[in-house]
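Trainee: Could you walk me through how to read a few features of a protein model?
Mentor: Gladly, let's look at it together.

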Amino acid sequence: MMSGKYTSIDAQQLQGSVPAVPDSRPATVNFADSNLQTFPPSGAQGKITAASGPPRDADDSFSKPVSGSDEPQQGGWFQTFTIAAYKPYFDVDTSDVLERIIDSLFPFRGSFNEKTATNPDLYGPFWICTTLIFVAASIGTFVTYIAHKLKSKEWDYDINLVTWSAGLFYGYVTIVPLCLYVILKYFSAPAGLVQLFCLYGYSLFVFIPALVSYCSFIFLSFILSKYEI
């Protein structure tokens with residue numbers, strides 16, 4: 001039945017079976033290979049290199065001094081006149097200096113050369129030589145004072161004793177190892193200049209107790225002669 005432009009459908013016409021849709025082949029979906037990578041990347045990519053790390057204040061090395069960072073690096077003979085060139089030779093502990101002093105009193109053991117072959121120092125030789133200078137000057141002054149007192153003469157302090165002592169001991173600990181180094185270098189004998197300075201510097205320690213003993217002997221002789229004991 002039609003009413004106007006609309007068509008009515010009878011319920012009887014809808015009865016029956018719906019034709020089955022024929023099966024078609026299952027559709028296959030192909031996925032392209034992914035170029036994604038894990039994050040963060042395991043290695044350096046692009047322009048990012050190993051040098052692009054965290055800032056220096058982000059790790060423990062910030063508090064550690066970097067060698068050569070505080071002073072300009074100079075090569076050749078100019079490096080000899082810098083303070084940084086002599087810093088390693090003064091980096092010793094008190095226990096190291098005392099141990100080397102004891103070893104210098106027993107030179108036939110050979111332990112002193114073994115300990116200073118790879119790590120020679122100039123701290124001990126400098127202070128041993130400086131102490132010896134003042135001890136020798138003081139004892140020389142004391143001896144002249146005793147000699148003048150025994151003869152009842154006036155005594156004046158002589159400052160030249162310190163100058164002569166400094167020239168003698170500093171010259172000995174510097175010139176003698178330098179000449180020996182040149183001789184050993186000429187004969188192609190293995191020897192280090194700083195090690196020779198260290199050896200001759202520590203060898204002067206034995207003269208300090210020797211001078212003190214000599215001063216004690218002079219003082220005792222003066223007491224005995226004065227009181228006629």
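Predicted model: local features only at pLDDT ≥ 70, side-chain atom pairs only at ≥ 80, totals over all residues.

Trainee: How are two packed helices described?
Mentor: Two packed helices are described by the angle between their axes and the distance between the axes. Here, helix α3 spans residues 123-150 and helix α4 covers residues 160-186. Their axes lie 9 Å apart, at an angle of about 145 degrees, and the crossing is right-handed.

Trainee: Which residues make the contact of α3 and α4?
Mentor: From α3, they include Phe126, Leu132, Ile133 and Gly140. Among those from α4 are Leu161, Ser165, Phe169 and Val173. By class, the contact has twelve nonpolar and four polar residues, with no charged ones.

Trainee: Now a single residue. Where is Phe142 found, and what does it touch?
Mentor: Phe142 sits in α3. Leaving aside residues up to four places away in sequence, Phe142 touches Cys215, Ile218 and Phe219. As for Tyr157, 15 residues away along the chain, its C-alpha atom is 9.5 Å from that of Phe142.

Trainee: Why does Phe142 count as partly exposed?
Mentor: Buried means under 20% relative accessible area. Phe142 counts as partly exposed because its relative accessibility is 22%.

Trainee: And is Ser111 buried or exposed?
Mentor: Ser111 counts as buried because its relative accessibility is 18%. Ser111 belongs to helix α2, residues 111-116, and its side chain makes a polar contact of 3.5 Å with the side chain of Asp103.

Methods: Residues numbered from 1 in each chain as written. Heavy atoms only, no water. Helix = DSSP H or I, 4+ residues; strand = E, 2+ residues; numbered from the N terminus. Buried < 20%, exposed > 50% of the residue type's maximum accessible area, 1.4 Å probe, protein only. Contact = heavy atoms within 4.5 Å. Polar contact = N/O pair within 3.5 Å; in protein donor to acceptor, adjacent residues only side chain to side chain. Axes fitted to C-alpha atoms, helices over the stretch in contact; angles between N-to-C directions. Left-handed = near helix turned anticlockwise from the far one by under 90°. Nonpolar A, V, L, I, M, F, W, Y, C, P; charged D, E, K, R; others polar.
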